[in-house]
Amino acid sequence: MQWAAACEDLQAFAAHHREVAPRRAPAHPNILAYAESTGAGRGERSGSGRLSSWVNSTRVLHMTHIAKTGGRSVRAELQKLRAPVGGAEQCYPPFVHPSRINIVFLRHPRAHVLSMYLHGAHSGRVARRRAAGYPWGNGTGGLAEGIGLWAAHFGEGWAPAHGDFWGYNPLNMVARTLTCSDPQWNADYVRTCSAPCAHHAGGRAADATPPRGAAVAAVHSADFIGLLELLDESLCLAEYRLKGALPPRCLCAAGQGAAGAAWSPLSGSVSSRAASGREPGEGGEGGPGGGSKRAHISNPGQHKQRRLRLSELPASTLRRLDAMTAVDAAVYRAGAVRLLCDLAALEERVGARVLCAPRIDEFRAATAYVPGLWGSSAGSTFGFGDMEYLAREARHVLLQWFEQHRRDPRMEVEARVKDVDQAGFEAVMASLWRNRGWSNTPAEHETIDLMHATGVRETIDVATQQRTFLRKGKSVQPLLVQATAQCRHAVRFAISSEFEAPRDDSDVVLWRRKRRVSFVHKGMFAFELTRVNQGPTEQAAGPGSPLLAAAAAHPPRLPAPPRLPAPRFSPLTTAPPLASLAQAARLAPVPGADYLADSLLMKVADLLRLLLDAARGGGPAAKRQRGGGVEEGTPVRLRDGSEVKLAVSTQGHPPPFNGMLPAELAATVPWVYSHAEEGAAPQAVITNLPCTLGAKAYPLFYLRGRVPTAALVVGGQ
């Protein structure tokens, strides 16, 4: 399974969130009362392993039922394994508690939104919704036209005043459910919410775009994540953890291994539709080989209506659905990767295939559009190509850091590439020296650090003999991410601050001699390459020691304005020789957290590609392929008739203009070139200078999109 190589890093990522993620809501009083009266889970360790056992656990199964993800059918299957199964259609955070085994099932966003629409058209309070104007498919275009109108209602500048037709609000419903704090036990009976709840977005338009980082963290901190598209495999995994054994019906057929799936029918069945992740209204029948049967519970009225398939929807509607679920897509990707990793661990444990090749093919076909899920840069939100995994796992953390601290000049973010050897170090240094576009004049700077017993660092500038005393403060735990499954380098992301300290005469416990070269980009980012010698004495860290290391540094060492701390250096604690490579970003007032996070990640990707190229013995890699020699930041125009495929805005909002900016409008926007993306049809990524389209003004870098490289016009071309 292609996910296996990155699964251990993903597990560490999940452990990080379980340890540091803040509680987003108080535990529900009913949960606390039950735990107190029964002692459920008292004294138990929940376990952090992928296959940690629940065999003898007294914890209660609790399923956060996200509406239209097959929850009733899933609950019926879970109750066959262990009863009771608590939970309802409710916010996730208030019901997280050590007395509960928290279970969440997800469904791929397009199918999920389609099911929400059909439910609103045909089930429940139909008369009330139609009176409110619900587009239920009674026009000449039928249901396909109806969902297009419904998607336009929510996808084109929705605000709470526009209402949700007394039905589900589809705008990132999964992420809202995983992050909201509404304590109501069952949102099925709630018609409106003043704050975000499981079914409704709340009183602000911004509530429809919940924080991506918090939602992804919930995926990794839950006890169990299943997918409706892989229902049988998900339930087999749950059964193994609950029973301690895997029944033969969960294994691929003998002789077929990863290439077949003739499963035995599972007990208690009426329909196999849920096994394939499709409820009535989406279309499609059967699980692996059509033989897997699961309980399927329909809502009243559903089975009487004609089904609508995703394949019947026009591309414009699908684009709207994707824009409405941009955060949900990131959540789904995180859940899918987690489940695939869990299944890989299960297969290794039992020595047999559980996820068979036809099921993988079916799953891949249904979810190919989800950005980053299958390792392709096509449809990628950020354009990091082969570094997409790195970007997906780190970006939401960086966004949180930058959003909170980007205006504090004392706080700096660092991205340190680990395990850099001499050849890689020299290759990166040579490549950076060839670039003549730096904001500074790069030169080697030598310092000596004296680490005092009090934690104060005394830094001596070798050239001027000036001494400074600083103390480092760290507010959050660093994040370690493996760059790619094929790359041996991990990247350590950290945020810290340093403050001036009084002169310190305590004992020196460590000496470091550093020779650093800084390459500053746009006055905001820096590549910093450092050779380090260290030891317990000045002699041990002297010039005679081997210079075999590349060390990490904080953001660019620009000339400091009055009252700012003196230059800062990153402490290194491993024994020499040290090996790491860093670049960083200064948290200065800039266009926004999104811009900072993406720019930092792109520069990390640049470093990694240079290192990978050096390891292969090739020439230096190009810095994010410049189409036709165009440099980043170059003003460009578009050829007549060129549309722009827009991505999520740099402020995290869904793509305006339904994701496609018409040629006549695109021609009026002042564009700036960002970078090129490789592929069968090379694409250029462009972003805007401040502009106005119609009555709306768009700030710097708000619009971001792709066009064919051939559509660019530079200068007088």
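The model is predicted: local features need pLDDT of at least 70, side-chain atom pairs count only at pLDDT 80 or more, and totals for chains, interfaces and linings use all residues. Residues are numbered from 1 along each chain as its sequence is written, and side-chain values use heavy atoms, with hydrogens and water left out.

The chain contains 16 helices and 22 strands. Helices (H or I, at least four residues) and strands (E, at least two) are DSSP runs, numbered from the N terminus. Of the 717 residues, 59% are buried. Buried means under 20% relative accessible area, exposed over 50%, and partly exposed in between (1.4 Å probe, protein chains only). The accessible surface of the chain is about 28400 Å². Carbon and sulfur atoms account for 54% of that surface. Accessible areas come from the Shrake-Rupley method with a 1.4 Å probe; for residues, only the protein chains shown count as cover.

Strand S4 (residues 224–227) is covered on both faces. Phe224 and Gly226 are buried on one side, and Ile225 and Leu227 are buried on the other. In a regular strand the side chains alternate between the two faces of the sheet. S4 runs parallel to strand S3 (residues 100–106), and four bridges join them. Two strands pair if DSSP finds at least two bridges between them. Valine 104 has isoleucine 225 of S4 as its bridge partner.

Helix H3 (residues 71–81) also has buried residues: Gly71, Ser73, Val74, Arg75, Glu77, Leu78 and Leu81. Their cover includes strand S1 (60–64), strand S2 (85–86), S3 and helix H9 (231–243). An α-helix has 3.6 residues a turn, so residues three or four places apart point the same way.

The model holds three disulfides. A disulfide is a covalent bond between the sulfur atoms of two cysteines. Here it is counted as a pair of cysteine sulfur atoms within 2.5 Å. Cysteine 91 and cysteine 180 form one, with sulfur atoms 1.9 Å apart. The pair links distant parts of the chain, 89 residues apart. Cysteine 91 is in the loop between S2 and S3, and cysteine 180 is in the loop between helix H7 (173–179) and helix H8 (212–221). The torsion about their S-S bond is about -115°, so this disulfide is left-handed. Cysteine 91 is buried at 1% relative accessible area, and cysteine 180 is buried at 4%.

Cysteine 236 and cysteine 250 form another disulfide, with sulfur atoms 2.0 Å apart. Cysteine 236 lies in helix H9, whereas cysteine 250 lies in the loop between H9 and helix H10 (315–324). The S-S torsion of cysteine 236 and cysteine 250 is about -85°, so the disulfide is left-handed. Cysteine 236 is buried at 2% relative accessibility, and cysteine 250 is buried at 0%.

Cysteine 252 and cysteine 356 also form a disulfide, with sulfur atoms 1.8 Å apart. The two cysteines are 104 residues apart. Cysteine 252 sits in the loop between H9 and H10, and cysteine 356 in the loop between helix H11 (326–350) and helix H12 (357–367). With a torsion of about -120°, the disulfide of cysteine 252 and cysteine 356 is left-handed. Cysteine 252 is buried at 12% relative accessibility, and cysteine 356 is buried at 0%.

Side chains of opposite charge can pair when their charged atoms come close. The structure holds 20 salt bridges. Each is a side-chain nitrogen of Lys or Arg within 4 Å of a carboxyl oxygen of Asp or Glu. One of them joins arginine 416 and glutamate 414 at 3.4 Å, N to O. Arginine 416 is buried at 4% relative accessibility, and glutamate 414 is buried at 2%. Another joins arginine 515 and glutamate 444 at 3.7 Å, N to O. Arginine 515 is in strand S11 (residues 508–521) and glutamate 444 is in strand S6 (residues 444–452), 71 residues apart. Arginine 515 is partly exposed at 24%, and glutamate 444 is partly exposed at 43%. Glu233, Arg359 and Glu362 are linked in a network of salt bridges.

Glutamine 534 lies in strand S12 (residues 525–535) and is buried at 6% relative accessibility. A polar contact of 2.9 Å joins its side chain to that of arginine 512. A polar contact is a pair of N or O atoms within 3.5 Å; within protein, one must be able to donate a hydrogen and the other to accept it, and residues adjacent in sequence count only if both atoms are side-chain atoms.

Conventions
Contact = heavy atoms within 4.5 Å.
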